[in-house]
Each structure stands twice: as C-alpha cells, then as structure tokens.
Amino acid sequence: MSYGVRERLFAPDNRTQVVGVSVAAVLLVVAPFVLGGFQTSLLAQTLIFAVFATAFNLLYGYTGLLSFGHAMFVAASGYTAAKVVQQLAPALGIADIFGGAELLVVWLLALVLGTVSAGVLAVFIGYLSVQLEEIYFAMITLSFSMAIFVIVNQDIIGSVLEAVGIGGGTFTNGSDGLTFRMGEVNLFGLDFRLVNIADPTAFYLLTLVVFGLAMYALYRIVNSPFGTTCQAIRENPERARALGIDTTYHSWMTFIISGAFSGMAGAMLVMLKTGILPADAFWTSSATPVVMTVIGGPYAFFGPLAGAFTYEYLRWFIRQFPLLEEFWEFSFGFLLLIVVLFFDNGVYGRVSRFRAWLGEAQSRYRDDGIAGVVALVQETIAGALRAAAEIVRGLAAALRARLGLA
Amino acid sequence: MSDEHKGHGVDSSGSASTPLDRRGFLAAASTGATAAVAGCSGIGGGGGDTIKIGGVYLLSGVAQALGTASANAAEVAVEQINEEGGIMGQDVEIEVRDHGDNPQAQVRSLAQEYGADVMIGITSSGVTLASAPTIESLGIPFTITDTGTPFITEPDTETYGNYYESDSGKAAFTSNMFRTNANTSHMTYGIAKFVQEEYGAMRVANLGPNYAYGQQCWDYFKAYSEGLGVDHEYVASEYPELEAGDMTPQINSVLDADPDLVFTSFWAGDATTFISQATEQGLFEQVEDVFDTIGADPTVYKALGDTTPEGIHMSGWYWPTAYDNEHNQAFLDAYREEYQDDDTTPNIPGFTGGSTWASIFMYKKAIEAAGSTNADDIISELEGITIDDDPRGPTTIQPDTHQANAPTVLGETSFDADVPYDGAGLVDTRTYTLTRSESKELLDGSGLGPGI
C-alpha cells in the first residue's frame, strides 16, 4: 500500500465519494444474481454505453470538440472483433492451445485488437480532424464516419481484396454485416456460455470488469494535468496557445484516447449483440453518445454515465407501452427538450443540486429541527412556482408581442 | 440512479428451459421468494392460463404496410382460435411490436419480459440473420413468416460455408427457427421457370434494392435460369438505394441496355416508387415483360391506383384469390370481417398473410400435440409438422431445414382482378413449389444453397 492511502480514503472530502462508489460497486456485482436475464443484459449494455459516452465526452465536455462520428470507432472495433471471433481465432488454433478457456482468450483478443484498431483509426482521422474547430470539426468527423459506413455497407474492402486476388469479394458482408456465435466456456470444471441471452451473468461480469477499468482510467486522465489542459482548451483555445500549449497536438492526443476507449466499448457491444451491421456506423449511431452526454450533463465526469442510464432505461420504459413505442423518437425528443431547456448541465446537474439541497436540509434540521426542513420545502416549492410563473409570463409576453397585442 | 429500475426485472428471472447450473441456482435462490409469489416460471413458462405469442415486425418506415398486414393476419388468426376454444382450452394472447431501433432487444423483451411461449415475425432478411444467435440462445420456437433469405433455412454448412464463422458463408440454419413463407429460392425459381416456359432465352436486365436481398434475388434468378438450361444474355444490373426517392437514373440505364425482359426485386414502398417512375420513363412499353419477386401486394396496387401497368408479372408468398380451398375462404372471411370498416388498411390480406395465418395454426397443432408449452417439446413437434389449415393448401415443415414446402404465387397484373379497392390485382395466377433435391440439382455449380 502506498503512503497515506487510509488517510486519503477517509479524508472528509473523499468520504462521500468513496462510500458512493463502494455502494455502486457492490450493487453492480450483486445485480446479475438478483435481476432476470433481460435486465442483466440491459444493464450490461448500459455500462458499455456509459464507457462509450464517457470516452466521447473526453472530447466534447472536456476539450470542447463535438464529434459527430464516434460510431466509426465502434464500427472499426466491432468489425475487428467480429473478424477475430469468426476467422482469426480459429486460424490461430486458439481452441487447441487453451482448451476450455478458448472463448475467454478469444474475447480478450477481440477486445484488445478491437481497441487497437479503433485507436489506429483515431490516429489518422484525428490528425486531420483536429485541424478544424467547432461546427467544422463536427462536419469532418461526420463525413469520415459516413465514408466508413459506405465502405462497410458496399463491402469495398472485399472488392479491393478480390481485385488483388484475395477472397471472393466479401469481407464486411455488405448490408447483412457479420454475425457470429459465442459458445461454451469450460474453466476449472465450470461450464457456461460466454454470451448467453437467457442467463447473461458471465458476460455481464466481464463487462463490469471492463467498465471498472475503463472508467477508472478515464477518471485518472481527466483529473491529471493532461485533463486540465483539455479544459483549458475548451475554455479558451487562444489563451491556451498563448500559455504555450500546442492545442492541435493536445486535441489530437485526446482524440486518440477517446477513439480507443470508444473502440473498447464497441468491441464489448458487438460481442454482446453477437454481430455488427453497417447501421452501427451510420450517423444515427454517432448521435447516441451525443444524446446521452447532453441528457446526462457534459460538464461532470459522471454526467455521461447518468445519461447512459437515463437513455437506456427510459428507452426500456417507452418500450413497455405500445403507444409511446410507436412514437418513441417523439417521446424521446420531448424529454431531451425538457432537459436542454430546464436542466443546467443535464441529469447529473440536477442530481448535484439535489445533493446540495439535501445538505441544506440537513443543516436546517440541525438548526431548527423538523420545522426548518418544512420551511425549506416550502421555500423550494415557492421558488419553483415562481420560476414556472416567470417562464409562463415570459412566453405570454412574447406571444402578445408577436400578435401585436402589447 | 439505476436502483429504482432494478425491481422491474424480477419477474423475468430464472430460466426453466435451461438446466440449472451454479449461476442459475444463485440467481434463482436470491430471487426465489419473489419469483414464488409471482408464480413465475421464466422462459417457456408464460403464465399458466394463457398461451402467449410474441411478434416482431417492421411497423414503421418503408415496410410499414407490410409488417402491419402480417400483424393483422396473426391477430385475426388468434381471434379465430380463441373463438373456437383456444389451444388446449387456454386462451391465446398475442403482442406484436415494431422492430424499433434494436430488433434483438425487442425479441429478448418479448421472450424474457412478456413471457412469450412461441414467437413469429421479422420483416427483413438482414435482421433475421443478425438476430439468429439471440433467438437460438433464447431457445423458444421462432417462426419466420416474412423473410426471403434462403440462408436461414440452409443447414449444409460443409457445402455452403457456415454463415456465423465466415464472411462468405451461406448456411445459417438455427435449430429453433422455422419458416412458413416461400423464400427467395422458391420465388426466383418460379420466375425462372415461367420465363423458360413462356419466353426462352432473352436479353434480361435487373433492377433491385441496393442491399443483400436485391443482390441475392438476382444471383438466384441467374442460377436457376442456368440450371433450367436457359441461356439468357444479362445486359444490365442496377441497384437504386433502399427507399430511394428517385430511381430514374437506374431505370434509364437499364433502358439504354435495351433488354427484352426486366427482372426486379422491389417490395412494399420501393415497388410503388419503381412502378410509378418506370411508367413515366416508358419502361413498360419498351420491354416485353417485367417480373417482380415480392411486390404483389394489395397495399402496393392500392397506392398506385390506376398507374399499375397491366400484363406484367408479379409474385408474392400469397395472393387472396390464388387458392381454392375452405381454409383460404375462412381466412378471407375472418380478415374481411375484422377490417371492413377500417379505412387505413385494405380488407384483404397482404402477401405475407397466408404464411402468418398458417404460423399461428401451426403453433396450435404443435402445442396440442406436445401437450405443453415446453419449448423443446414444441420444437420437436414442429419438425415435420403438416399445417392442415394453411390457406395455401396443406404445407409441411421439412424436418432437416425447418422450411415449409410452401408455394410461391406468380400472376399477371390486371384491373379485372377481384379486389376490394381501386387498383390492380393479379389474374391467371400460377403457384410453384420445389423440393430440396430438385433445387440442389438446378443450383449445382452456383455455390448457392437451396434453403428449402
């Protein structure tokens, strides 16, 4: 143990955070044994998207660069992972070397190679993209991701390989994408299916490990001098440059890290879905982490995580009602509108302010007992009503002005 | 923030259909009390008093009319069965959902949350193939009623390659998936055979939607034509994008090649777009005949109104007037009764109607024969089952491929057809069926699997 771990852990500042993370960790570990099959895989998917959105937010919330093409990293990593499972692993003879643990090795190989391929893609595309800023950055990342969509959808790689005499013209298998099965693992006398929809516990636990490691790594990155530099670039690029920061280079590095972690999430997602389709590279897929981050709150580390949970579980909720499901984009858009209009820094901002409110309630309770809390509740409600009245009055005034009644 | 949602999953826990391993035991033990109270038996259990059918169809976008017609047929069949006393005295319940943005999640949700005992659906070949591992892992019987790809019912991985283990495999057979509609293999054979008999070797051009299905239809048509010994000259092949608003560049390019016959594989909204734009470009006057695989649907003809050209040949998996038997009449009567006051949908079934109606009656027979809703028992009953109530005449699910030996129907477009809407329909219909060995012989050397 390094010096002062105990002191740091139990310092008053960190105590709530440590307790919060510990409780969350225990809940997440226990979850698959309590939840049913469907909820466990939904939770696994949510955790994967949380990593994806947090990685995306490294560029957006921390560096101020809105990428509208992050699905390309999921695609690069996903196709690589699918290729590893379908072809590379059998070709390497992993089954003969590792026996019952074969699939775990395949899983690890797919995860590592998927992450690397997304990182490599980010090196090239990042270099070109970070030369631009603001809307131009969003447009160029969108263009690259749509180019990749076309490449996999038209199976251009397959055609090129065929032209040079390799294969029969299929590589990404066009619009059908690549689908695979992940079968049985036999480890220390335990038999289980790695990706089993009926009982996804095994894959969930692997997801949890990846989630934990990725989130910890990202947390360390944003809280390092590197992360602070990112925020300096977001706040004022000219000033950051004046301070001697090579903003282009720094943005490039951030882009690569963001891409690699997105790829890590992508490899997990594709193995959970046991397949990848060109649609996973389409721009609508790039919108998912954007929406999650905006809902959750881009200016807090756990914002995208809050957004991923809100997004996935709200989507699940909507699916329960055929009428809402039929117009799910509308239902979703309406929610997004509320968040953008009324929540400062998304759901996470709301949660933070609620925590602050609880702190206030606690101190009132100490001072005045239960009466103090009641008074605070009254004040809060009155404040909310005043704010709502303000909005309605504002709207009414605007409407009157528009109609020429004023 | 997830805590408040966690409680909802309880009723879908456990899995009665898979052997209980250590994990399963832990999961079951920790939810035991709640599960016992809820009387839940997980997958394959459903309730106790009702038999639940889950359906997943494309109910939005380009194929909305198509998926809706399938859902309608299934719902009418369920109603009919309930009127006649249900299955084993139990009421039948059906829930049909849209593919949405994640069809696999819908399939899982219906199996694990809704508690479906058996399932039907899927309006896309691509989604079918992508969902197969999910469906396999859920283990409950799933019958495809709307999908063309022959791969999903092709078990011969040695000859055609395993779809799940390579990028060029064509055998994707999945042990708990069945299909009641004729597939692309039947369809293209029917057209190739018709052309062989009526025209012989011609200059043929292709137009199809730009995705795997369009390419596949053209490949199979060429392979069957060659197998039938017809030496066509293939002069052009164009693929407008799926849901393309403008197909005129491709139509003109095909016209420039001066074909005698045009083979197309457009369906639903794309078939409507193609026919109206090809009419404007004068395609139907310049060529001798045009063929289409699964465009023959009341919603297409209704949308086209009086612009449908007469005398071209279109096919489908079902056409209401093509079969003369009491089961078809019962189907048509029940369908008309349900939808005659509904302005939004034609009151005759669409081209997936027959296969969807048949799938529900097939499940009824299998569940009654199995005497339970146990997934494995139903699956073994389904292998080789004959669907007596099939409106297309009795069909049998082939035990080794899980494909029904269903007929495909090809007819000539005409305004004299007996249809309850303003528009064209099919007359002079012919049906085609094909056995696996015949198909294998015809496709020999093409590398394409029969899938039947």
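Two strands count as paired here if DSSP finds at least two bridges between them. Keep in mind that this is a predicted model.

Select β10 (residues 313-316) and β13 (residues 408-414) of chain B. They run antiparallel and share four bridges. Zoom in on B:G316: across from it, in β13(B), stands B:V409.

Now widen the selection to the whole sheet. It is open, has seven strands and mixed pairing, and reads β7-β6-β8-β9-β10-β13-β14 in chain B. From one strand to the next, the twist averages 20°.

Next, pick helix α9 (residues 248-256) of chain B, which lies across β6, β7 and β8 of chain B. Against β7(B), α9 runs at about 165°.

**Second stop: the parallel sheet.** Select β2-β1-β3-β4-β5 of chain B, in that order: five strands, an open sheet, parallel pairing. β2 (91-98) and β5 (177-179) of chain B each have a single partner strand, so one side of each has no neighbour in the sheet. Neighbouring strands are turned by 25° on average, direction ignored.

Zoom in on β4 (residues 142-144) and β5 of chain B, which pair in parallel over three bridges. B:I144 has B:R179 as its bridge partner in β5(B).

Finish with helix α3 (residues 64-83) of chain B. It packs on this sheet, touching β1, β2 and β3 of chain B, at about 170° to β2(B).

Definitions and conventions
Residues numbered from 1 in each chain as written. Chains lettered and ligands numbered in written order. Predicted model: local features only at pLDDT ≥ 70, side-chain atom pairs only at ≥ 80, totals over all residues. Helix = DSSP H or I, 4+ residues; strand = E, 2+ residues; numbered from the N terminus. Axes fitted to C-alpha atoms, helices over the stretch in contact; angles between N-to-C directions. Contact = placed C-beta atoms within 7 Å.
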